[in-house]
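Work through the following exercises with the coordinates open, and compare each step with the solution given below the task.

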Amino acid sequence: MALDPFVAADFVKEAAPGFKPRVGIVLGSGLGGLAEKIDVIASLPFQDIPNFPQSSVEGHAGRLIIGRLGGMPVICMQGRIHLYEGVDPQDLAVPIRVFKLLGVEVLIVTNAAGSFHEEVGPGRLMLLNDHINFTSRNPLVGENDDRFGPRFFSMEEAYDPIFRDHFKAVAKELDIDLAEGVYLHYLGPNFETPAEIRAFKTLGADAVGMSTTPEVLVARHCGMRVAAISNITNLVAGLSKTKLSHEQTLECAKLAAEDLEKLIVIFLETLKRELLKSHLREDDNGDSQ
Ligand code: HPA
């Protein structure tokens, strides 16, 4: 039986009564620092939230943080759950559906990834414009939950073109060299073999990692707009001069962490200005002044 997100959402709502997050953020390996910039209203360990899947990976704190960032009401997963941890893929729908039930309309996903391009090495950021789900797993397999979205839906422009333009403009303003490309989700937990990497290159991958596609699929299913950024921690197997390891991922994730934090904060500030101008109604979070 899949976990019921409504129970989890009710618990989170009670922790921050009346607060409606507009943006959901998922922080990848070694990127938890952004969470420290949030004006926290509530911070909930995953294990305290009923029906919430648990993360077991070092570098993933496993907390849901509710508050304000860049002036926007946000909810942030500090740490995420991966398919390679052996969870039921359907359980990965829960965090994103909790976001949806709380009122989130925009999802920002971050991850650590290996790059296929020598000129885009550790310390660089890559804006995702599409993905290849190479895991053969999908949280939406099984009976469709019509309360969230239709059985069949398009994944064209899943990575919102307007947000991509916004991110590129913000990166330019901040003088951050932002690459752009296609993310391939490899199940893991091992890093890829060089032969797999050669195969993925012919498939059109620009970056490879072990996360992100489940969250993006669930978000698009329920109509959220999505942006995603990879923090490049290494060149892919075969190109990298050092042996890949999780320690290296965490160490190199620090190189661009600050750039990524700045990029997201300024993006949220622009988004807030846009929302104030646009048709989207303001809510009771005190955003309308
Ligand atoms: N492969 C898969 N996952 C990763 C990598 C990689 O090269 N780097 C960081 N996460």
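A polar contact is a pair of N or O atoms within 3.5 Å; within protein, one atom must be able to donate a hydrogen and the other to accept it, and residues adjacent in sequence count only if both atoms are side-chain atoms. The model is predicted, so that local features need pLDDT of at least 70 and side-chain atom pairs count only at pLDDT 80 or more, while totals for chains, interfaces and linings use all residues. Residues are numbered from 1 along each chain as its sequence is written, and side-chain values use heavy atoms, with hydrogens and water left out.

**Exercise 1.** Determine which residues are around the ligand, and which polar side-chain atoms lie by a nitrogen atom of the ligand.

Solution. Step two turns to the nitrogen atoms of the ligand: a polar side-chain atom of N234 lies 2.6 Å from one, and a polar side-chain atom of T233 lies 3.5 Å from one.

**Exercise 2.** Describe how helix 1 and helix 2 cross, and which residues make the contact.

Solution. Helices are DSSP runs of H or I with at least four residues, and strands are runs of E with at least two, both numbered from the N terminus. The axes, lines fitted to C-alpha atoms over the stretch in contact, with angles from 0 to 180 degrees between N-to-C directions, come within 9 Å for helix 1 (residues 5-15) and helix 2 (residues 93-102) and cross at roughly 55°. Helix 1 and helix 2 are therefore oblique to each other, since angles under 35 degrees count as roughly parallel, over 145 as roughly antiparallel, 65 to 115 as roughly perpendicular and the rest as oblique. The contact (heavy atoms within 4.5 Å) is made by P5, F6, A8, A9, V12 and K13 of helix 1 with V94, R97, V98, L101 and L102 of helix 2.

**Exercise 3.** Locate the cis peptide bond and the residue other than glycine with a positive phi.

Solution. The peptide bond from G188 to P189 is cis, with omega near 5°, and P189 is found in the loop between strand 7 (178-185) and helix 4 (194-203). Phi of D175 is near 60°, and D175 has its place in the loop between helix 3 (161-173) and strand 7.

Conventions:
A residue is near a molecule or strand if one of its heavy atoms lies within 4 Å of it.
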